[in-house]
Amino acid sequence: MHPDLRGFALPAAFLAAVLALSGCSTIHPPKGAALPAAPSDPLLLVSIDGLHPERINAQDSPNIARLAAGGVQARWMTPSYPSLTFPNHYTIATGLRPDRHGIVHNSMIDGELGTFRLSDREAVGNGAWWGGEPVWVGAEKAGMPTATMFWPGSEAEVAGVRPTRWHVYDESSSDAERAATVAGWLLEPEPTRPRLATLYFHAVDTAAHTYGPDSDEARAALASIDAAIGDLLTRLAEGGRLAHTNIVLVSDHGMAPVPPGNQISVGDMVAMEQARLSSIGQVVLVQPKPGFEAEVEARLLGRQDHYECWRRAELPARWHYGTHPRIPAIVCQMDEGWDALLPQQMEARARGGMRGSHGYDPALPSMRAVFIASGPAFRSGAVIDPIDNVDVYPLLVRLLGIPAADHDGDPEALLPALR
Ligand code: AMP
Ligand code: ZN
Ligand code: ZN
């Protein structure tokens, strides 16, 4: 780490010491009483897919640990239902629950638009799938340039607006390349420098799925991302920009171990000719075919071995899920550590070892996500109570000084993070 980095939290500590010496009892101004001192400070939103807060430590992720120690860390952040990548990244960007922004799953079916899959570039880039107003759209509307190094939704024109700079998702680009591009943006002179930038890393999620969340591979993936973030922070510090950049680092969900054999075939859940499944995995979305409604309901509804199913209108209220037309009649939720697979996937998977999955109940400790914030707007060395991921959006718009669009968050929830 660049030596300047260790100093970037100093002003707060210094101020605290001076105030303490002078007998003044108020270290910080009233929380959130004002917008950040320099409203033009750029905001960098970073996501590490699948990172659980308890995985952050000085050995595996020294730069992230230091960022948290010098800024604010929530004990954890609760993801929205379902605890999957696209629904939650877009919730963080909009402050809307998936039931309201319409990205109700990574895989879904819409009566008019057809099917949506992460690998379908046309669907992912079609703004008709993406509801609400992501924060980069609000910023662009306010005349602020934005730039995204990947974020679900950022490839689509949403409400007629795209980030000034955006990239088609490319999983093969390295952690270092992604971070270096973003560092370059944030070091540009004021007229072109983005006011809001995003940076997304997939590799912890990928390794943890394949080898388990406690694997050496998942640790190595985190170490690589941490090094890329360390280089980014060093470059900002060397360019004199670190003290003027607010950084919010999140994850979308955590990860649970899936022991070998913890798998069921969706063909054993429901007769495939009686229902259309828009998704498998941990949240199985089931639309009975006409004439088979009663039979499919009788087979699925209620508690089953390793999963539970509800009619969409009867889902647990705390999931805030079940009204969007893309959610079919029945939602089946797998128990923690269990996967529902296609019949043809069963054999190969059964030969494998420990794996990892998410998509389980967001209230489970294993599904907890990360929230860390650091920079001139944030307190230094503070640990705050758990937050909900719909509360990030009102913080982001506050930092940018732009109006909030309709959202489900609590604008007060993150005031304890601010100076
Ligand atoms: P999940 O199935 O919920 O684990 O989703 C994680 C996967 O989403 C990772 O393998 C990423 O490569 C992929 N992913 C993340 N962002 C994007 C994007 N913008 N477009 C397509 N795929 C993405
Ligand atoms: Zn994810
Ligand atoms: Zn994943």
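1. Donors are taken here as N, O and S atoms within 2.8 Å of the metal (3.2 Å for Na, K and Ca), and since water is not among the atoms, sites may look incomplete. The model is a predicted one, in which local features need pLDDT of at least 70 and side-chain atom pairs count only at pLDDT 80 or more, whereas totals for chains, interfaces and linings use all residues. Residues are numbered from 1 along each chain as its sequence is written, chains are lettered from A and ligands numbered from 1 in the order in which they are written, and side-chain values use heavy atoms, with hydrogens and water left out.

2. Because His-209 belongs to helix H9 (residues 203-211) and His-358 to the loop between strand S17 (355-357) and strand S18 (371-374), the pair ties together parts that are 149 residues apart in sequence; helices (H or I, at least four residues) and strands (E, at least two) are DSSP runs, numbered from the N terminus.

3. His-358 has a relative accessibility of 4% and counts as buried, where buried means under 20% relative accessible area, exposed over 50%, and partly exposed in between (1.4 Å probe, protein chains only). In H9, the residues Ala-203, Val-204, Asp-205, Ala-207 and Ala-208 are buried as well. The buried residues of H9 pack against strand S1 (43-48), helix H8 (175-186), strand S7 (196-201), helix H10 (216-238) and S17, contact meaning heavy atoms within 4.5 Å. After H9 comes Gly-212, with a positive phi near 100°.

4. The zinc ion (ligand 2) and the zinc ion (ligand 3) are 4.1 Å apart. Distant parts of the chain are linked by Asp-49, in the loop between S1 and helix H3 (62-70), and His-253, in the loop between strand S8 (246-250) and strand S9 (256-258), which are 204 residues apart; both Asp-49 and His-253 are buried.

5. Turning to the sheet, five strands form an open arrangement in the order S11-S12-S15-S14-S13, with antiparallel pairing; two strands pair if DSSP finds at least two bridges between them. Strand S11 (275-277) and strand S13 (302-304) stand at the edges with a single partner strand each, so one side of each is left without a neighbour in the sheet.

6. S11 and S12 form a hairpin with five residues between them, and Gly-281 in the turn has a positive phi of about 105°. Three bridges join S11 and S12, with Leu-277 opposite Val-286 in S12. Five of the six residues of strand S12 (residues 283-288) are buried, so S12 is largely enclosed by the rest of the structure.

7. S12 is joined to S15 by four bridges, and here Leu-285 stands opposite Val-331 in S15. Strand S14 (residues 307-311) and strand S15 (residues 330-334) pair in the antiparallel sense over five bridges, with Arg-311 opposite Ile-330 in S15.
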